[in-house]
Amino acid sequence: MKITNVICQVLRSASVESKTASCQDVVLVRIRTDSGFEGIGEADSSPEVVKAIIDAPFSHNIACGLREVLLGENPLETERLWQKMYRATMYFGRTSVTISAMAAVDMALWDLKGKHFGEPIHRLLGGKQHDSIRAYASILFGRDGQETAEIGQRWIAAGYTAVKFGWEPMGQSEALDIELVRGAREGIGENTLLIDAGCVWDTRTALRRATAFAEFDIEWLEEPLREDNIDGYVWLRDRSPVAIASGEGECGREAFRPLLDRRALDVYQVDLSRNGFTDAAYIKARVEEIGARPCNHSYTSPITVAASVQWLCTCRDAFLFEDCVEDVPMRHELTHERIQASHGSIEVSDRPGLGITLNEEFVAAHLVDESV
């Protein structure tokens, strides 16, 4: 089996809001072979930037677009192809958007591998350790404590036993920060509460907030600091009364390595659309080695949700699954299958590959750019 084409498609909603959004656009990678199989993947990054990395022509041996690297190759050789892509992009890659483009390709290659062997990806990764995983509803804060409480009540009523609130308007003032968390706790009652600050504080302010939030019995405080403030995370984790989580923005093992080596976090959040299965398998092993806990990050389309389920179920210490509950068309209509928690848990699919099929009519209706 050989790769015959690598196609990058950019999909976009008719209207795009200025906010920390989930699924207003999608960059879709489709890898086709001479056997008739097609694998699909996506990257959580700027779609046009990812497309440029895939479509770029050959410049020289360590500055080459990904399509040039992959054509004619055997898609089953995922580890070798990851290393080949990594070397061919050394001059513009290594830890950021190039790795996320590689992750989309890698996701598609593993989907292809699963379809070729007729097996779910989790079996190819070594086997699932969970048939289902407790899910938390992942949603943005309301404008104030009252609206946040109402949001929490909605998702508890929908069957979730854990809710995460995140991002704006947190970070504007201490009073509002505490009001938001108090409202979140009031809204969800005794259920599990997670707080995502959205990288808004300096290190000492983050410790003050962690101490204040401990009163509300939060499961973790996520991304209180900027993502690259590793010294700050080490300092904060050693002093915080609540668990510290981060990692969602990291692309590949080299980005995760300093966090892991320095045991900077309690919870390592791995986004399959920024790491792919190949590097996520390495990160999983390291997280287990240092005695921390893994969780997925997933706030995009059902492609990444499906990939996240396949990976996280192979993690020995998986305990929560991030389930984006923003109700937008690309979250639910891009594939024929609806990948969402039911009664507070997400089930693990045993269908081949990612276990999903694209809704081609939806793709055609939202297509704004495509590889030529």
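Leaving aside residues up to four places away in sequence, L221 touches I195, A197, W201, A206, A210, F213, V242, A243, I244 and A245. The model is predicted. L221 and L354 are the residues that touch the most other members of the largest nonpolar core, which has 81 residues. Helix 12, residues 302-312, supplies the largest share of this core, with 7 residues.

- Helix 12 is mostly covered, as 11 of its 11 residues are buried.
- The buried residues of helix 12 are P302, I303, T304, V305, A306, A307, S308, V309, Q310, W311 and L312.

- An open sheet is formed by 4 strands in the order 3-2-1-13, with antiparallel pairing.
- Strand 3 (38-43) and strand 13 (367-370) are at the edges and have a single partner strand each, so one side of each is left without a neighbour in the sheet.
- From one strand to the next, the twist averages 25 degrees.
- Strand 2, residues 25-33, pairs with strand 3 over 6 bridges in the antiparallel sense.
- Within this part of the sheet, I31 has G39 of strand 3 as its bridge partner.
- Helix 1, residues 47-55, packs on the sheet and touches strand 1 (3-12), strand 2, strand 3 and strand 13.
- The direction of helix 1 makes about 165 degrees with that of strand 1.

- Helix 9 spans residues 230-239, and its residues I230, G232, Y233, V234 and L236 are buried.
- These buried residues pack against helix 8 (203-213), strand 8 (243-246) and helix 10 (253-261).
- L225 lies in the loop between strand 7 (218-222) and helix 9.
- L225 counts as buried because its relative accessibility is 0%.
- L225 and L180 are 45 residues apart along the chain, and 18 Å separates their C-alpha atoms.

**P258 in helix 10**

- P258 has its place in helix 10.
- The relative accessibility of P258 is 29%, so this residue counts as partly exposed; the range for that class lies between the buried limit of 20% and the exposed limit of 50%.
- P258 is 208 residues from V50 in sequence, and the two are 25 Å apart in space, C-alpha to C-alpha.

**The second largest pocket**

- The volume of the second largest pocket is about 200 Å³.
- Its lining has 18 residues, of which R338, I339, I346, E347 and S349 are the closest to the centre of the pocket.
- Helix 12 and strand 12 (345-347) are the elements that give two or more residues to this lining.

**Backbone features in loops**

- Most residues other than glycine have a negative phi, and most peptide bonds are trans.
- E168 and P169 are joined by a cis peptide bond, with omega about 15 degrees.
- P169 is placed in the loop between strand 5 (162-166) and helix 7 (174-188).
- D217 is not a glycine, yet its phi is positive, at about 55 degrees.
- The loop between helix 8 and strand 7 holds D217.
- With a relative accessibility of 59%, D217 counts as exposed, because the limit for that class is over 50%.
- H343 also is not a glycine and has a positive phi of about 55 degrees.
- H343 is located in the loop between helix 13 (329-332) and strand 12.
- The relative accessibility of H343 is 74%, so H343 counts as exposed.

Key:
Residues are numbered from 1 along each chain as its sequence is written. This is a predicted model: local features need pLDDT of at least 70, side-chain atom pairs count only at pLDDT 80 or more; totals for chains, interfaces and linings use all residues. Side-chain values use heavy atoms; hydrogens and water are left out. A nonpolar core is a set of buried Ala, Val, Leu, Ile, Met, Phe, Trp, Tyr and Cys residues joined through side-chain atoms within 4.5 Å. Buried means under 20% relative accessible area, exposed over 50%, partly exposed in between (1.4 Å probe, protein chains only). Contact means heavy atoms within 4.5 Å. Two strands pair if DSSP finds at least two bridges between them. Axes are lines fitted to C-alpha atoms, for helices over the stretch in contact, and angles run from 0 to 180 degrees between N-to-C directions. On a 1 Å grid over the protein atoms alone, a cavity is a set of points where a 1.4 Å probe fits but cannot get out, and a pocket is an open set with protein on both sides within 12 Å along at least five of seven lines; lining residues have an atom within 4 Å of a point. Grid points are joined across faces, edges and corners, and a volume is the space filled by probe spheres set on the points.
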